[in-house]
Amino acid sequence: MSTVILGGGIIGSSIAYYLSENGPSDEIHIVEASSQMFSAASGYAAGFLAKDWFTPALAPLGELSFNLHQSLAAKHGGTQKWGYMKGTALSLDFSKKNKKGGATGDAWLSAGTSRAETAASSSSPIHAEVPGWLTKQKKGVLEKISDDNTVAQVDPLRLSRFLLESSLARGVKLRNPAKATSVITDQVSGDITGVKIINLDTQTECSLPCTNIIICAGPWTPQVYHELFPSSPLAIPITPLAGYSLVVRSPRHTLQDERVKYTSRSHAVFTSHPDACGFCPEIFSRQGGEIYIAGLNDTHIPLPAQAEDSCKLMDQNEMERLKKAAVHLMGALAEGNVELTDGIANKNDLEILRESLCFRPISAHGVPFVTRVDEHLLGGLKTGSRNRCKDGTARGVFVASGHGPWGISLSLGTGKVIAQMVEGVEPDVDVSGLAIV
């Protein structure tokens, strides 16, 4: 069995990680178009993990992935290596119009409402103590919306690097910057036998023999699929959604606070529409005293050819909106960090560590695709006799994309399930609802 993974983000790295646990790793190739690894959402996402915030079709994968995050961190020192922390999710509601459980899939994204709608706490929301780094809001109601041990936090960049480095240490090959240009077929049987790729620096071409192709190129997945299978009737319904984010430090959230006051637990705060923001900010405390804020999305920014070019498309006016939201929700008040009549911070004492813009792959179905592509959708190309190799492993084309804002949370489960599909064994959980139909 030989496998080519098209896309080297956290999904591709996770697939390589689990595939290389059980098979010959020197026959696994990751092909990544970016010259800088993890320069898309895998490096710039929040890193929020949830166990049970998903629709029925996605719920088994969500729980599996959450449990894998926990076990991987326990086995490999994830707390130190990639900032794994158990957490608490909070809803900061200004309107009381958003009700828990009101959204399906990623509908809250397009509607501009709060991810808190998808929270699945088994108990009713209860009033929560305001974290010291969050400015008290006169009109906001803060409620706990997660049960114990059902949400967590990681630094996605550090986790992605761990998965990739572990895979490479086992013999997985990485080719970047490079892209697949076409598939290679057997002249007699018509079966797919390999992929042609081009090095984007040198413009030299080579061929990679393979029995499996896995497309996990995030928002670039439809383009990659169409270029390889131009005669296919399938247009993968994934669109890009650009999102702005900031990483900041606050003088009200020290490393001692993190260790002692919050006992090394993170906080995730999901807001409804505050008048001063015009969108629904999401805020996450992360290991090392970092605080991540996002929630400002833009549907009009075109997807760049390569992920590292995303920063060139940043609209500074929009970034200023996000900064103002950060000050409104986390800045100091005139009389210190205490509640005023209007509840609006007016002092920006936050240290900005990073400004980012990245694209996430949004599925039109509201759930990602984690599936093998039926042969009749490959535009006349074949994947091999009975879709099996001599050793019993599967032959085929697989797609793992469309995770929207849940790519980090669902990464490990996706990696393991796709690896099991390739290995020809029954996946640990039912993902039949994540097929391309």
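The exercises below work through a predicted model of one protein chain.

Residues are numbered from 1 along each chain as its sequence is written, and side-chain values use heavy atoms, with hydrogens and water left out. In this predicted model, local features need pLDDT of at least 70 and side-chain atom pairs count only at pLDDT 80 or more, while totals for chains, interfaces and linings use all residues.

**Exercise 1. Confidence and overall make-up**

Task: State the mean pLDDT of the protein chain, and find how many helices and strands the chain has.

Solution.
- Step 1. pLDDT is the predictor's confidence in each residue, from 0 to 100. The mean for the protein chain is 89, and 87% of its residues reach 70 or more.
- Step 2. Over residues 98–104 the pLDDT is below 50, and this stretch has 19 contacts beyond near neighbours in sequence. A contact means heavy atoms within 4.5 Å.
- Step 3. Residues 334–342 also have pLDDT under 50, with 16 contacts beyond four places in sequence.
- Step 4. Helices (H or I, at least four residues) and strands (E, at least two) are DSSP runs, numbered from the N terminus. The chain has 10 helices and 19 strands.
- Step 5. Of the 437 residues, 57% count as buried. Buried means under 20% relative accessible area, exposed over 50%, and partly exposed in between (1.4 Å probe, protein chains only).

**Exercise 2. The crossing of H3 and H6**

Task: Determine how the axes of helix H3 and helix H6 cross, and which residues make the contact.

Solution.
- Step 1. Axes are lines fitted to C-alpha atoms, for helices over the stretch in contact, and angles run from 0 to 180 degrees between N-to-C directions. The axes of H3 (residues 59–76) and H6 (residues 156–169) come within 13 Å and cross at roughly 70°.
- Step 2. Angles under 35 degrees count as roughly parallel, over 145 as roughly antiparallel, 65 to 115 as roughly perpendicular and the rest as oblique. H3 and H6 are therefore roughly perpendicular to each other.
- Step 3. H3 contributes His69, Leu72 and His76 to the contact, and H6 contributes Leu159, Phe162 and Leu163.
- Step 4. By type, the contact residues are four nonpolar, two polar and no charged. Ala, Val, Leu, Ile, Met, Phe, Trp, Tyr, Cys and Pro count as nonpolar, Asp, Glu, Lys and Arg as charged, and the others, Gly among them, as polar.

**Exercise 3. Ser160 and Ile10**

Task: Decide whether Ser160 is buried or exposed, and list what Ile10 touches.

Solution.
- Step 1. Ser160 is found in helix H6. With a relative accessible area of 0%, Ser160 is buried.
- Step 2. Leaving aside neighbours within four places in sequence, Ser160 is in contact with Ile10, Ser13, Phe38 and Ser42.
- Step 3. Ile10 is found in helix H1 (residues 10–22) and is buried at 2% relative accessible area.
- Step 4. Not counting residues up to four places away in sequence, Ile10 touches Phe38, Ser42, Pro156, Leu159, Ser160, Leu163, Gly407, Ile408 and Ser411.

**Exercise 4. Helix H10**

Task: Compare the span of H10 with its expected span, and count its buried residues.

Solution.
- Step 1. The expected span of a helix is 1.5 Å times one less than its number of residues. H10 (residues 411–423) has 13 residues and reaches 18 Å from its first C-alpha to its last, close to the 18 Å expected.
- Step 2. In H10, 12 of the 13 residues are buried, among them Ser411, Leu412 and Val417.
- Step 3. Just after H10, Gly424 takes a positive phi of about 80°.
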